[in-house]
Every structure is written in C-alpha cells, then in structure tokens.
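Dear colleague,

I am handing over the structure below for your records. Please look it over before reading the notes that come after it.

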Amino acid sequence: MPVITLQLGQCGNQLGCSFFHTLASELSANDYGYAAVNEYYRAGPDTTSGIYTARSVLIDMEPKVVAGARASAAASGSWWRYPSTGYLVMQSGSGNNWSQGFHGYGPRVHDAALELVRREVEAADCLTGFLLLQSMAGGTGAGLGTYVAQALKDEYHAAFITNCCVWPYESGEVIVQPYNTLFTLSHLSDLSDGIVLLENEALHRTCAKLMGINRPSFTDMNGIAARALASVLLPSQSRGPNPGGSHAPNPTSGAPGTGAATGPGASPGLQLPALRRTPGSGGRGVGSEGAAAAAGGSGLGAPRSSASPASCPPPSTSPLAELVSHLCCHPAYRMLTLRAIPQLPPSSIDFTTFTWAAILKRLRQMLVTGSVLEEGMDWSVTPHSPGSGPAAQVPGPRVNRAVANWLVLRGQGAGGVDVADFADPALTAAWAVDPLSVSYNGNKFGRCLMSASLLSNDRRCVGPIQRMLEHAYGMLESRAFVHQYETYGMSVSDFQACFARIEDISQRYVRL
Amino acid sequence: MPRELVTIQVGQCGNQVGCRFWELALREHAAYNTKGVYDEALSSFFRNVDTRVEPPRNLPVGDGRGPIRTLKARSVIVDMECGVINEMLKGPLGEVLDTRQLVSDVSGAGNNWAHGHHVYGPQYHDAILDKIRLTTEDCDSLQSFMLLHSLGGGTGSGVGTYILRMLADEFPGVFRFTGSVFPSEEDDVVTSPYNALLALGQLVEHADCVLPIENQALIDITNRADAAREKAAGGGGAPGGTPAAPTTAASSKPFDSMNSVAASLLLHMTASVRFEGPLNVDLNDITMNLVPYPRMHFLLSSMSPLLPPPRERDVGRQALALQPRTLDQVFGEVFSRDHQLIRADPRNATYLACGLIARGPTATISDINRNVARLRPQLRMVHWNSEGFKLGICSTPPVGCPFGLLCLANNTAIASTFTTMKERFDKLYRRRFYTHHYEQYMDCSGFESAIELVADLTRQYQELDGATRAPAITRLRPRGLSFLP
C-alpha cells in the first residue's frame with residue numbers, strides 16, 4: 001500500500017535522501033517481500049535493469065539541494081533513483097520567512113506541486129497516504145510545507161497525512177525560528193494526522209554521546225533520524241504484549257490481494273481501519289481479548305482484527321495507517337515522539353551482546369522519563385512518582401505520560417518476548433482507548449540482533465514547545481521582525497491566534 | 001537555472017573596489033572550476049558570451065557543462081570622470097568588463113553630493129536605467145543588486161544614492177545590497193562629512209541592507225598584515241631567499257590590499273548562493289534574519305581570513321604559519337576588533353542579531369554551535385534574541401585556506417559611528433562652511449531631512465542598546481480551555 005513521500009526544503013530533502021538510502025539498504029539486506037518495496041519504491045521506467053524509482057516528490061525553492069539529492073541517488077551501486085521529473089524548484093529561496101513560503105510561494109506552486117503528486121498517486125495502485133519531511137525553522141520546509149499539506153488535505157480527503165518535522169536547535173540556527181516553528185505547528189495540528197517531532201538537539205546528543213562521533217554533521221544526524229523512521233515504517237506484524245497470546249487462528253483464509261511474500265502461518269486477518277473496534281476491546285483490557293490480534297503472516301503491518309469472521313479479505317494496511325489510527329485517535333493529541341534503540345556505533349555492533357530484557361527495560365525507562373536518549377536517564381522515576389497526575393502544576397512534567405504507544409520489535413525472538421511492562425496502565429492516560437499496540441518482525445534491523453522502537457503520543461513535546469513559545473512572546477512583544485511577515489499579508493493578530501493555539505496544545509498535554 | 005547578482009560600481013572608489021572584486025571572483029571560480037565549464041556558480045556573476053558572432057550572443061547555462069567562451073561580468077560601471085575606468089579597461093580586466101555597460105562623463109562631480117545626486121543623476125537617468133535594464137534582461141532570475149560606492153565623494157555618494165532610489169522604484173522586488181565605504185577621520189576630502197551624511201539619509205530610506213566599510217579599518221588591517229609578513233620574512237631565513245618580499249608588497253598600489261578586503265567580503269557573503277553546502281544561506285535569508293525593524297539594516301561585518309593568503313614563495317613558510325590553524329581560532333578572530341571592517345566596538349554594545357557563515361568542507365554544525373556557545377557569554381544580546389544566531393555552512397572554502405568565517409552583526413555600536421559622522425557634519429554645518437556649493441543644486445531642506453533621518457535611526461539604535469532585560473510578558477489564554485479556571 002504505497003506511501004508517497006514529499007521532501008520539502010533543504011532539511012526535508014537531505015533527510016529524505018538519507019531515509020530512502022536507509023530503506024534501500026535494509027530492504028536489500030533482508031527479505032521483506034515485494035509489497036514492502038512497493039510501498040516506497042515503484043518499478044522504474046526501465047524494469048529490465050532492476051532500477052526502482054522512489055515514490056517521492058522533491059520540492060525546494062532553490063535548486064542546489066534537490067540537485068544534490070538526485071545526484072546522490074543516482075550514484076553507482078544503488079538500485080533506486082528519484083523520478084526524473086518529479087521535482088519542483090524555484091530560484092530564490094524563501095528567505096527563512098514562513099509567510100513568504102506559505103502566502104508567497106504557496107499559491108504560485110500550488111498547481112505544479114499538485115500535478116507532481118497526482119502523477120505519483122496515479123502510479124500507486126492504492127494510496128495509503130503521504131509522508132511529509134520538513135524542517136520547522138526555515139521558510140520553505142515550514143511555510144511552503146504547511147501550504148502543501150493543506151493542499152493535499154483538500155485534494156485527497158481520504159489519505160493520511162503524516163508529518164516528520166525537524167525541531168531546530170534551541171541554541172538557534174535561524175533567528176526567527178520561534179515564529180516559523182510555531183506557525184508551522186499551529187497549522188499542522190489541524191491538518192496533519194500525526195506529527196513526528198525529530199529534535200536536532202537530541203539527534204546531536206545521540207551522535208555525540210552514543211555513536212562516538214565527536215563533531216556531528218547534518219549528514220550524521222540525518223542518518224540517525226532516517227534509521228529511526230525506517231525502524232517503524234518497515235513492515236511488521238501485530239502481536240499482543242504477552243508471549244504466545246498473539247496468534248489467534250484467523251478464520252478468513254483468503255489469499256491477500258497484494259503479492260505478499262513469505263511469512264509465518266496463516267493469511268492476514270484484514271479489516272478496514274475504521275471498522276476495527278471490537279466489542280469489549282476498548283479501554284484498558286490487556287488480556288488476551290484486547291490483545292487478540294489476527295495472524296500476521298504477510299510481513300505487512302496487518303491491523304488487529306477481532307475474532308469475528310470477516311467475510312472477504314479487505315485490503316491490507318501499512319504501518320503508516322496503523323500509526324495514525326492507533327496513536328492519534330483524538331484530534332487534540334497529535335504529537336508523536338520516536339525512540340529507537342539501540343544506538344550503537346557501527347563498529348561496536350558485532351561486539352555487543354543483545355538481550356531483550358535490557359533493551360526493553362531501557363526503552364520503558366525512556367518512555368517513563370520522557371527522554372529520547374538511551375543513557376543519562378533518571379532511573380528513580382517511575383510511572384507512579386509524584387508529578388505524574390493530571391493536576392500536576394510542574395512546568396515540565398517530570399514523569400511522562402502518553403495517550404498511546406506503539407512498540408515495534410525487530411530481530412531474533414521478537415515474536416515471543418513479554419512486553420507486559422509496557423502495558424502498565426500508569427504509563428498512559430486514563431481515558432486512552434487503545435493504549436498499546438505491539439508489532440514485530442523477525443528480520444534484523446541494521447545488523448543489530450535485536451532492536452526496538454517506540455512511537456508514542458506523549459508529553460515530551462511540551463518542554464521544547466514551551467521554551468520556543470517564550471522566545472516567541474519576547475520577540476512579538478518588541479515587534480521584532482514582524483514587518484518581514486507583514487509584507488506577505490500576516491498581521492499581529494495572526495501571531496496571537498497562533499500562540500493561543502499552541503498554548504492550547506501544550507496545556508492539553510500537560511494535563512494528560 | 002542560476003540566481004544572478006548584478007553589481008553596480010559607482011565613482012572612483014566603487015570602481016576600484018569593483019575591479020578587485022572581479023579579479024578575486026575570477027580567481028575563486030578558477031580555483032574550483034577546473035574543467036572550464038560554464039556552470040551555475042559562474043553564472044551568478046558572469047555571462048558566457050560567444051563573441052564570434054555580431055552582435056555577441058549570450059550562451060545559457062544549459063546543463064552546466066558547456067565550455068566557457070568569453071566571460072563578461074554582470075556589472076554596470078558608472079563614473080563621472082573617465083580616468084579610473086580607462087585604466088581598468090586597459091588592464092587585464094578589459095575583456096571581462098563590457099563597454100556596453102559603461103556610463104561615464106568627463107568632468108567629475110567635484111566631490112559634491114548635490115552635484116552628483118541632483119544634476120548628474122537626472123541627467124544620466126535614462127542612460128543608466130537603460131544599461132541596468134540591459135543587464136537584468138540577460139539574467140534568468142535576478143536575485144539582487146550590489147552597489148559599490150563610497151560616501152565621501154561626489155559621484156559615488158551622489159550618483160550612487162540616486163541609482164539606489166531608481167532601483168527602488170523600477171525593481172522593487174529585487175534586493176539592494178550596498179557595500180558603502182564610510183569616510184574616516186583623516187579623509188582628504190574636506191566636504192566628506194556633508195556627502196556622507198546626505199548619502200546616509202538616502203541609504204536609510206532606500207537600501208535593503210548596507211555593509212559599512214571604513215577606510216581606517218582597512219588601513220589598519222593591511223598595515224598589520226604587512227607588519228606580520230615583514231616580521232616573519234625578516235625573522236627566519238625563508239628558503240628561496242625572499243628579501244624582496246617586503247618590497248614587492250610595498251611596490252603594489254596602496255589601495256590594492258584594502259580593496260581586496262572589501263571585495264573578499266562580498267565574495268564570502270555570496271558564497272552560499274553560488275556553492276552548495278549543508279546549510280545554505282541566501283541573500284534574502286540575510287535580510288530576513290538580520291533586519292529586525294525596517295530601517296535598521298546596517299550590518300557590521302568581520303571576517304577571517306581577511307586577505308587572500310599570499311603565495312608561499314612570496315613570503316616563506318614562517319609567515320604562512322601565521323594563518324589560523326583551526327576553526328576555533330577563526331571564531332575567536334572574527335569576534336575580535338582586529339578583523340572588523342568598520343571601527344566600532346560591538347562588544348560594548350548590544351547585538352540585535354548575528355549571522356555566521358562558515359566556509360570549508362570540514363566545518364560542521366557542531367563546530368559552529370560549540371564555538372557560539374563558547375563565545376556567547378561574552379556578548380551582550382538584546383533580550384528578545386538572547387539565543388539566536390543565523391548560521392550557514394558552505395562546503396567551498398576561500399581560495400588558499402581550509403576554512404573561512406564571516407560574521408554579519410546588526411549591532412547598536414553603529415549608533416556611535418553615526419554619531420561621529422553627525423559631529424563631523426555639525427562642525428562644518430554650524431558655520432555653514434561650503435554649503436553654498438550644495439545650495440547651487442538643492443535647497444537646505446535636503447540637509448534637514450537627512451539630519452532628521454539619521455538622528456531618528458541613531459535614536460532607535462540607542463534605545464535598543466540597553467534592552468537586555470526582558471519585560472514581563474502576559475501570556476495568552478489557550479483557546480480551547482478558556483472555560484477552565
């Protein structure tokens with residue numbers, strides 16, 4: 001079920017390039033099946049030579065980065081390319097000005113951008129949705145990216161829109177980043193079905209502390225981010241949190257419609273996402289009833305279906321659809337945090353002993369403390385520590401709490417590991433409908449014998465948002481840089497409306 | 001498709017700086033364009049012309065692999081006396097500069113701003129506009145104009161600011177950058193305070209971004225470089241015997257090195273436009289991030305390395321060892337007063353915004369962040385921008401060095417420069433010395449309005465000077481939860 005990626009702006013294009021390279025190397029290293037490749041790549045114009053084309057549209061307001069991305073894809077040795085005409089560039093850049101990207105360039109490139117997307121959509125047999133890669137601090141990724149997201153929402157109502165937004169360094173990369181970031185966030189919170197925040201600061205620390213790179217460059221950081229994204233977006237199949245409670249035999253045994261590849265056992269139990277609610281599986285039951293997942297089997301992320309027989313095999317869904325429907329079930333809560341471990345320097349992988357217990361313990365503590373780094377966590381914090389309830393007035397909540405979590409396990413024995421720790425009710429909000437989804441895949445990811453990733457709809461975003469908001473208030477108070485935005489038709493009331501919306505979002509998460 | 005910059009050089013100083021600029025630009029592109037193809041980087045400053053046909057035909061960039069035929073600079077040259085231009089055209093740059101883009105007269109503007117602005121300006125309005133239009137029509141997508149001039153004379157300041165106003169009217173969407181050479185204390189033109197202030201009033205109104213360059217600062221820089229070179233050459237015995245090194249430096253034209261510094265500034269600023277890098281900075285990024293209020297567009301620049309490094313055979317290994325070794329050293333230099341192109345004291349004033357553009361293949365974002373974190377505590381930043389720096393990284397280093405750094409700062413220290421200019425102006429204006437020369441061509445309201453504009457701006461800067469503590473801010477109530485207590 002294809003996903004179309006849009007790479008917007010310099011950061012989006014560089015990250016996207018890295019993402020496709022990572023996907024390609026993982027797909028070549030392990031056999032995930034044709035459907036997995038088909039999700040992100042389509043058979044190229046010249047099928048005999050085995051070259052695939054990435055399902056991607058590249059958009060930037062200045063030409064150099066797109067040219068670089070296309071050239072790196074075309075470098076010898078890789079089996080994929082970017083589409084030869086699937087890119088849109090202008091000449092003069094958006095000047096780090098959100099309103100220039102949104103109000104200035106947006107309408108100008110509307111038709112051309114939608115045309116490129118339409119071509120990709122037509123080449124996809126059944127569209128799941130869009131993945132937008134962008135930064136939040138600049139002009140193109142932030143402003144034009146938001147405009148494109150809005151245009152896609154209008155044009156393709158039924159498709160999911162997931163945004164992967166790069167949060168800038170707090171020490172500043174762009175002086176007007178408070179404005180740009182908050183405008184992007186406030187608009188996307190209405191448009192997007194899920195916003196994954198990748199923080200530059202966190203990526204930097206991961207590179208420096210865990211990967212042993214002394215002076216991380218953007219290439220290194222993009223590599224880490226791309227691996228984390230790939231670890232959740234590559235195929236996986238659902239299971240329950242308890243070992244052995246996962247595979248209920250699926251009454252429907254129709255062969256899947258798509259050319260699914262090998263996988264253990266029965267055919268996928270498939271249901272359309274909207275109809276997935278089973279009686280009694282709402283709430284917090286984590287017994288076998290709520291956890292009863294249909295058999296996986298196709299190597300695609302099959303959703304959890306009930307035990308009730310489905311009449312005919314509906315189309316399978318992909319991890320992206322899984323992601324947004326499980327995690328972002330409430331319109332006010334769309335901010336997702338991505339944690340992928342282990343983060344090891346490539347040279348140490350062969351010398352490391354992997355155990356599920358260690359990995360899962362660390363991952364759980366990362367979730368409890370809200371950290372995205374594997375080390376330096378405060379192990380004394382537990383979900384039951386004070387400051388975790390909804391009435392907590394601490395400015396940055398010490399204990400993290402989520403709306404929903406999605407755990408992906410990859411590697412040896414991933415299907416049978418006990419992850420009941422993650423199903424602890426104290427980790428998630430009391431009203432959460434679907435607090436934990438687990439899926440797994442037996443293939444190794446990135447040469448690590450075992451690895452786990454967690455995508456959670458949690459409070460981690462509050463800290464960075466509050467700090468950015470303070471800066472933004474300070475600037476707006478002095479009306480600094482406001483005239484640059486007013487050139488393109490924004491006014492001070494737009495700024496204030498945006499800040500109010502952001503306060504809204506952040507208060508919701510604080511009171512989780 | 002390239003993004004072009006058109007350079008307009010006005011007056012003697014402007015043309016001399018422009019001349020050095022073209023030489024250095026050719027040198028830089030020659031260093032990186034080893035195959036002699038006309039690529040996009042070259043096309044931002046030069047046209048590729050096939051002179052075999054008549055009229056000469058412009059060759060487009062195409063796929064970036066066409067060979068270079070004849071390069072012509074995208075520039076318009078204006079001077080009211082022909083001495084400097086003739087010399088330029090006779091020299092090695094004669095082929096690169098196009099006589100079709102030349103506007104000149106014979107008698108000069110007599111160091112009189114009013115003569116330049118109110119007489120020559122309108123007189124040559126059509127001719128100049130024509131030449132500019134011709135140049136812009138050759139561009140696929142024009143990004144900005146760069147005006148090179150001095151403020152102390154008659155042509156550069158008078159005609160230059162007239163052209164600035166004309167560009168603001170005729171090409172409103174294109175950025176107008178100016179490299180303006182401010183007169184120094186010991187300027188040899190008596191009326192330079194008048195010219196400078198009158199021109200400054202125009203710059204405040206019509207320029208998008210001004211890069212002030214002070215002659216005195218350039219003199220200090222070149223003297224220091226010469227002294228260092230002499231010390232190194234005289235100290236150790238450089239191999240190959242270079243007792244001739246000091247004399248070769250002295251025998252070159254006195255303003256040559258000074259103009260090189262100014263020209264390097266422009267090259268460095270546009271490096272990220274022409275070459276690629278992990279974090280590109282366009283010219284409109286610069287105006288967006290470094291200009292917080294519409295008229296406060298004066299940026300203090302400082303750079304390292306300042307001068308293109310001499311060749312080893314000229315100065316020997318010891319002198320070459322004086323070049324900065326690490327990126328951290330370069331950062332330290334850029335924030336020191338020795339490397340500024342204008343004599344102000346930014347450390348004792350408040351930074352409104354600061355932009356750093358690093359060049360070099362080994363510069364990474366973490367290097368920049370580390371150095372910024374190291375140096376920021378020593379800087380006084382305005383309260384609403386206490387953290388922010390605008391960063392840019394370009395992969396191509398300056399010629400002959402492994403890395404380079406440019407700092408463009410919007411700092412309230414410029415107010416003291418303006419105050420000094422105003423004082424010098426007042427010394428003459430109090431007694432109305434020489435004003436009769438100006439009143440031939442304009443009435444005294446011209447003086448008054450310039451005084452007012454500059455005073456206004458100075459006051460704005462001074463108000464922000466002490467603004468390092470944030471006032472109390474009322475936060476907005478979240479929309480969705482407004483019913484909650």
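This is a predicted model: local features need pLDDT of at least 70, side-chain atom pairs count only at pLDDT 80 or more; totals for chains, interfaces and linings use all residues.

In chain A, three strands form an open sheet in the order β2-β3-β5, and their pairing is mixed. The edge strands, each of which pairs on one side only, are β2 (41-43) and β5 (80-81) of chain A. Three bridges join β2(A) to strand β3 (residues 52-54) of chain A, and this pair runs in the antiparallel sense. Within it, Y41(A) stands opposite A54(A) in β3(A).

Turning to the cavities, a search of the whole structure finds 14 of 30 Å³ or more. The largest cavity has a volume of about 520 Å³. It is lined by 37 residues, and those closest to its centre are Q10(A), C11(A), S135(A), G138(A) and L279(B). Two or more lining residues come from each of α1 (9-29), α5 (140-155), α7 (200-210) and α8 (218-233) of chain A, and likewise from β13 (390-394) of chain B. The largest share, five residues, is that of α1(A). By class, this lining comprises 16 nonpolar, 15 polar and six charged residues.

The second largest cavity has a volume of about 240 Å³. Among its 20 lining residues, L198(A), A202(A), L203(A), L338(A) and V372(A) lie nearest the centre. In chain A, β9 (194-199), α7, α8 and β13 (335-341) each give two or more residues to this lining, which has 13 nonpolar, three polar and four charged residues.

With kind regards

Key: Residues are numbered from 1 along each chain as its sequence is written. Chains are lettered from A and ligands numbered from 1 in the order in which they are written. Side-chain values use heavy atoms; hydrogens and water are left out. Two strands pair if DSSP finds at least two bridges between them. Helices (H or I, at least four residues) and strands (E, at least two) are DSSP runs, numbered from the N terminus. On a 1 Å grid over the protein atoms alone, a cavity is a set of points where a 1.4 Å probe fits but cannot get out, and a pocket is an open set with protein on both sides within 12 Å along at least five of seven lines; lining residues have an atom within 4 Å of a point. Grid points are joined across faces, edges and corners, and a volume is the space filled by probe spheres set on the points. Ala, Val, Leu, Ile, Met, Phe, Trp, Tyr, Cys and Pro count as nonpolar, Asp, Glu, Lys and Arg as charged, and the others, Gly among them, as polar.
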